[in-house]
Amino acid sequence: MHNETHETHETTAGAASGTRIDIDHDLCVGAGQCALIAPSVFTQDDDGFSELIPGREDGAGDPMVREAVRACPVSAITVTEAAV
Ligand code: SF4
């Protein structure tokens, strides 16, 4: 069985952790809370809308991702945890 769910090393951020963050761009109002709270994962594009930093789509184990999810005024951020 291959079951290496816990953080391996910081450079292995990617699909391996089983966590995935999605931003619903139809909902996002560009409030910027996510980028303020978890700047290692979220950034803002030129129009102020939220984007994931490339390579950090799995949240990179940053506990602030959950805070960002909570802080988003329109609940545009979804965190999916695939329990593999
Ligand atoms: S906190 Fe929510 S609404 Fe604000 S930029 Fe992030 S995803 Fe968009």
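Some ground rules come before the details. Because the model is predicted, local features need pLDDT of at least 70 and side-chain atom pairs count only at pLDDT 80 or more, while totals for chains, interfaces and linings use all residues. Residues are numbered from 1 along each chain as its sequence is written, and side-chain values use heavy atoms, with hydrogens and water left out.

Salt bridges come up first. Taking a salt bridge as a side-chain nitrogen of Lys or Arg within 4 Å of a carboxyl oxygen of Asp or Glu, the count comes to three. One of them joins the side chains of E81 and R66, with an N to O distance of 2.2 Å. Here E81 sits in strand β4 (residues 77-81) and R66 in helix α2 (residues 64-71), so the pair ties together parts that are 15 residues apart in sequence. Helices (H or I, at least four residues) and strands (E, at least two) are DSSP runs, numbered from the N terminus. As for accessibility, buried means under 20% relative accessible area, exposed over 50%, and partly exposed in between, with a 1.4 Å probe and protein chains only. On that scale E81 is partly exposed at 45%, and R66 is partly exposed at 48%.

E67 counts as partly exposed at 34% relative accessibility, whereas R70 counts as exposed at 62%. Another salt bridge links the side chains of D22 and R20, at 2.7 Å from N to O. D22 is partly exposed, with a relative accessible area of 27%, and R20 is partly exposed too, with 48%.

Contact here means heavy atoms within 4.5 Å. Not counting residues up to four places away in sequence, T19 touches E57, D58, V79, T80 and E81.

R56 is placed in the loop between β3 and α2 and is partly exposed, with a relative accessible area of 30%. With neighbours within four places in sequence left aside, R56 is in contact with I21, S40 and V41. The C-alpha atoms of R56 and R20 are separated by 9.0 Å, although the two residues are 36 residues apart along the chain.

The backbone has a couple of spots to check. Most residues other than glycine have a negative phi. A60, which is not a glycine, has a positive phi of about 55°. A60 lies in the loop between β3 (50-52) and α2 and is partly exposed, with a relative accessible area of 38%. S75 likewise has a positive phi in a residue other than glycine, with a value near 50°. S75 lies in the loop between α2 and β4 and is exposed, with a relative accessible area of 52%.

A cavity is a set of points, on a 1 Å grid over the protein atoms alone, where a 1.4 Å probe fits but cannot get out, and lining residues have an atom within 4 Å of a point. Grid points are joined across faces, edges and corners, and a volume is the space filled by probe spheres set on the points. A search of the whole structure turns up one cavity of 30 Å³ or more. The largest cavity has a volume of about 100 Å³. Its lining consists of 17 residues, and C28, A31, C34, S50 and C72 are the closest to its centre. By class, the lining of the largest cavity divides into eleven nonpolar residues, six polar and no charged; Ala, Val, Leu, Ile, Met, Phe, Trp, Tyr, Cys and Pro count as nonpolar, Asp, Glu, Lys and Arg as charged, and the others, Gly among them, as polar.

Conventions. 1 Å grid on protein atoms, 1.4 Å probe; cavity = no way out; pocket = protein on both sides within 12 Å on 5 of 7 lines; lining within 4 Å.
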